Amino acid sequence: MSSQMSLANPPQNTASGRLMIVASVRAKPGKEEPLAELLKLIQKRANSDEEPGTFTYRVTRRIDGEGKYLPIFVVVEEYDGAAGLKDHMAAPPFQNLIKIAREQDLMDGEVVGDFLDEQNESDVFVFVPW
């Protein structure tokens with residue numbers, strides 16, 4: 001069951017204290033490179049000391065069976081709870097993405113994804129084959 005996210009309303013508490021997100025965004029045809037550049041700017045800041053509440057920000061791109069890029073970007077993110085996400089979203093590169101994506105009509109649809117929390121070692125199910 002998916003807990004499709006609304007970035008405006010993230011879970012305030014998680015068992016681990018961290019908040020993970022796997023988000024997907026589709027670029028409109030011919031707009032892949034401008035969107036990629038904006039995501040790279042966000043990634044650069046997110047993975048720097050300027051965002052201490054951001055632990056991971058990885059921009060990936062879906063590929064087809066031949067290894068060719070599709071117009072879908074998948075971002076894997078991890079924050080120090082909802083406060084870390086809030087700080088990330090307030091940062092200039094993220095705000096710039098929102099502004100430019102609207103002005104240049106870069107995205108095909110909404111950002112979709114899920115909020116996640118890491119399992120504790122004691123919560124991990126181990127499969128033992130018969």
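## Glu78 in strand E3

Glu78 lies in strand E3; strands (E, at least two residues) and helices (H or I, at least four) are DSSP runs numbered from the N terminus. This is a predicted model: local features need pLDDT of at least 70, side-chain atom pairs count only at pLDDT 80 or more, and totals for chains, interfaces and linings use all residues. Residues are numbered from 1 along each chain as its sequence is written, and side-chain values use heavy atoms, without hydrogens or water.

Glu78 is buried, at 11% relative accessible area. Buried means under 20%, exposed over 50%, partly exposed in between (1.4 Å probe, protein chains only).

Thr56 has Glu78 of E3 as its bridge partner. Strand E2 (residues 54–63) and E3 pair antiparallel over eight bridges; pairing requires at least two DSSP bridges. The two strands form a hairpin with five residues between them. Gly67 in the turn has a positive phi of about 85 degrees.

## The nonpolar core

The largest nonpolar core has 23 residues. Such a core joins buried Ala, Val, Leu, Ile, Met, Phe, Trp, Tyr and Cys residues through side-chain atoms within 4.5 Å. Leu35, Leu39, Tyr57, Phe73 and Leu85 have the most contacts inside this core. Helix H1 gives the most to this core, with six residues.
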